[in-house]
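Visitor: I've got the viewer open and a few questions ready. Could you walk me through this one?

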Amino acid sequence: MVNRYRITLTEEERKQLRDATRSGKTTAPKLVNARALLFCDIGPYAEKSWKVADVATALGVSARSVEHLKERFVEERLDAALVRKSRSKLPRITFDGGFDARLTALACSSAPKGRARWTVHLLAEKVVELNFVPSVSLNTIQHSLKKKLRPHLIKYWKIPPDANAAFVTNMEDAFAVYELPYDAGYPVVCLDESNKQLVGELHEPFPMAVGHGEIVDHEYVRNGVADIFVAVEPLTGQRHVEITERRTRNEFAHFIKYLLDERYPNAVKVRLVMDNLNTHDMASLYATFKPAEARRLADRLDIHYTPKNGSWLNIAEIEFSVMQSQCLNRRIPNLATMRAEVA
């Protein structure tokens with residue numbers, strides 16, 4: 001610790017301090033301070049000069065306390081050093097039962113202009129400005145909001161329109177299909193598609209080892225986008241995934257043909273649940289195949305669309321979520337590798 005303050009006592013000051021240490025009426029804090037000043041004295045009347053660490057050890061206090069004592073003596077002289085000024089305490093404020101509720105409501109409101117969100121400092125200033133309380137500490141604000149609000153988190157959600165008849169119609173239709181008993185002649189199949197960027201490495205990653213995880217370079221090369229079709233039959237747990245190079249009506253039509261002719265060749269009709277993507281309609285069949293073939297495939301489909309802004313009602317999206325976390329959540333460089341990994 002740097003010795004910033006040096007104690008140089010006059011003969012009169014040393015006598016005053018010695019008298020304080022010998023008096024039976026001196027309070028314990030004042031006694032310790034008097035002895036510490038005598039030990040720290042480096043003036044001409046000092047018997048011996050002690051190091052701060054030795055003074056602290058001898059008196060059973062911290063070295064920082066001794067340094068603060070020396071600081072008070074140098075800047076405020078002897079009397080202020082012996083007896084510390086009592087700190088004025090703020091009056092204790094009692095919050096009524098509605099303070100927490102009003103604070104929570106304020107924290108849930110829109111942040112002030114120019115601010116992305118409320119902070120503890122802003123809330124403390126605002127509750128005083130609104131006369132909730134005459135004053136408040138930051139700790140009180142934090143304690144009141146603890147476990148109630150998490151303002152640093154934002155949840156993104158597909159919010160459906162209020163009182164929308166079309167939404168309710170498609171939602172209840174999807175629920176009704178899901179509640180149907182298993183029928184091999186009319187299987188319920190949920191279909192969805194998504195895409196994945198094909199990303200290659202410019203530098204070979206360092207594998208995980210003791211002391212660190214896998215180290216991947218922040219640079220990469222983009223090798224295009226792959227489209228992913230998923231069809232899942234909830235009541236049997238069967239699923240099929242197909243990876244294509246493009247997302248067009250042609251790919252959708254060929255995937256439907258594969259489902260009908262290869263996966264469910266004996267089904268009278270496939271009850272198909274899917275979203276409202278622009279390629280997910282019968283026009284894709286007619287745009288890809290001859291009219292007779294398109295009509296044959298269309299006659300074997302019983303389509304049920306999820307609501308607009310409600311594609312999360314499609315069970316296939318759960319499959320995508322699982323596949324994303326277990327397989328696709330990494331850099332995959334090309335189509336062949338992606339097909340092999342998904343398989």
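Visitor: Let's start with the sheet. Which residue in E5 is the bridge partner of Met274?

Guide: Keep in mind that this is a predicted model. E4 covers residues 270-274 and pairs with E5 in the parallel sense, over five bridges. Within that pairing, the E5 residue bridged to Met274 is Tyr305.

Visitor: Okay, and which strands are the edge strands of the sheet?

Guide: Five strands make up an open sheet with mixed pairing, and the order reads E3-E2-E1-E4-E5. An edge strand here pairs on one side only, and that applies to E3 (238-244) and E5 (301-305). So look at the two ends of the order, because pairing takes at least two bridges. The edge strands, then, are E3 and E5.

Visitor: By how many degrees are neighbouring strands of this sheet turned against each other on average?

Guide: Ignore strand direction for this one.

Visitor: Moving to the hairpin of E2 and E3: which residue takes a positive phi?

Guide: E2 and E3 run antiparallel, with seven bridges between them, one of which joins Val230 to Val241 in E3. The hairpin has four residues between the strands. The positive phi, near 75 degrees, belongs to Gly237.

Visitor: What about helices on the sheet? At about how many degrees to E2 does H12 run?

Guide: H9 (residues 249-263) lies across E1, E2, E3, E4 and E5, at about 145 degrees to E3. H12, residues 316-328, lies across E1, E2 and E3. Its angle to E2 is about 140 degrees.

Visitor: Now H11. Within what arc do its buried residues fall?

Guide: The buried residues in H11 (291-299) are Ala294, Leu297 and Ala298. Look down the helix axis and they line one face, because their directions fall within an arc of 100 degrees.

Visitor: And what covers the buried residues of H11?

Guide: Think of contacts within 4.5 Å. The cover includes a strand as well as helices: E5, H9 and H10 (283-288).

Visitor: Last one: which exposed residues sit on the face of H7 turned away from its buried side?

Guide: In H7 (residues 138-145), Ile141, Ser144 and Leu145 are buried. Those residues lie within an arc of 90 degrees seen down the axis, so they line one face. That buried set packs against H5 (99-108) and H6 (120-129). On the face turned away, the exposed residues are Asn139 and His143.

Technical notes: Residues numbered from 1 in each chain as written. Predicted model: local features only at pLDDT ≥ 70, side-chain atom pairs only at ≥ 80, totals over all residues. Heavy atoms only, no water. Helix = DSSP H or I, 4+ residues; strand = E, 2+ residues; numbered from the N terminus. Axes fitted to C-alpha atoms, helices over the stretch in contact; angles between N-to-C directions. Buried < 20%, exposed > 50% of the residue type's maximum accessible area, 1.4 Å probe, protein only. Arc of directions from axis to C-beta.
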